[in-house]
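Open the model in your viewer and show side chains. The stops below can be selected one after another.

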Amino acid sequence: MPVPRRRSARVTSTAPRTWPPREDLLVQGESLDVMRAFANGIFEVVYADPPFGTGRDQVRRTVKARAQTRGRAGFGGRRYAVEAVSESRYADDIPDYPEFIRPRLEEIRRLLSPTGTLYLHLDWRQSHRTKLLLDEIFGEECFLNEIVWAYDFGGRSTRRWPSKHDTILVYVKDTERYHFDAAAVDREPYMAPGLVGAEKAARGKLPTDVWWHTIVPTNGGEKTGYPTQKPEGIVRRMVSASSRPGGWCLDPVAGSGTLGAVAQTLGRRFVMIDENPEAISIAASRVGARSRRAATATELAQPVARAGRS
């Protein structure tokens, strides 16, 4: 399958004054303010990975290892020392999470097209409360799936079952019109291939609502060093299934820019928003975005691109 040609992307501090813009956009600003500037019903997919409200700093350190005679024992008994190269962090402390997330969910629903789908990425701390809000804002009938992303990495508690999954809540704008293309999604091996025929085993099966997928490999080319980076593989499934080529996708909490990277490879358009300058820098580098001058606070506050708002 040919890789779509990469479009240019632009870093800005405002929503576009006309829609659609010629370039994909990476907008630096507070997500709620920026989303309010966009017109109704323009995005086929919204992938949102908001802060989880852990109450602590999220930190990701980049290190390099060098061989030596003393230090940690590694593969084959070889010893090495670890040296810190860089560190990224942000505070993940939101005292009233429902109050924080509600207006953002309301804006996301407004921005979804009639065929659109929201993928909201959470963990065990906030998924239960947020689902009640989504039922209220979207309607219980618009709940499509609760996806469990299961992984196996990190610390292990001996006082409880180790937490090794995230929850992705999936809601659609319109139960009769939403887009879902199962044929566009990557297939995965059967867990018991001997129980199916050879042809089916070779073809693999469609993923269920439990996704076994590794985190971003620490030594892979995909890694950016951003503390909460998510793997392209899980976002690719969402974008492939719920949008069409050329369709617009939104990430209001861009972080490391995974949505933009996936959208580029799949031939989709994207808008990503983040108020963290470090996130904007990492995401811009990842998607090859160019910068223009930063808008003034007055310009950022002006309502733009509101055609069609009710």
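Which residues does V271 touch, not counting residues up to four places away in sequence? Select V271: the list is W19, L25, V27, F38, F43, W248, C249, L250, D251 and L259, where contact means heavy atoms within 4.5 Å.

A note on the source: this is a predicted model, in which local features need pLDDT of at least 70, side-chain atom pairs count only at pLDDT 80 or more, and totals for chains, interfaces and linings use all residues. Residues are numbered from 1 along each chain as its sequence is written, and side-chain values use heavy atoms, with hydrogens and water left out.

Six of its six residues are buried, so β3 is largely enclosed by the rest of the structure; buried means under 20% relative accessible area with a 1.4 Å probe, protein chains only.

- β6 (residues 112-122) runs parallel to β3 over five bridges, with Y119 as the bridge partner of Y47.
- β10 (residues 248-251) is also parallel to β3, over two bridges, and its L250 stands opposite V46.

Finally, select T130 in helix α3 (residues 127-138). At 1% relative accessibility, T130 counts as buried. Beyond its neighbours within four places in sequence, T130 contacts Y97, L105, L120 and L122. Its C-alpha atom is 9.0 Å from that of L169, 39 residues apart along the chain.

Terms used: Buried means under 20% relative accessible area, exposed over 50%, partly exposed in between (1.4 Å probe, protein chains only). Helices (H or I, at least four residues) and strands (E, at least two) are DSSP runs, numbered from the N terminus. Two strands pair if DSSP finds at least two bridges between them.
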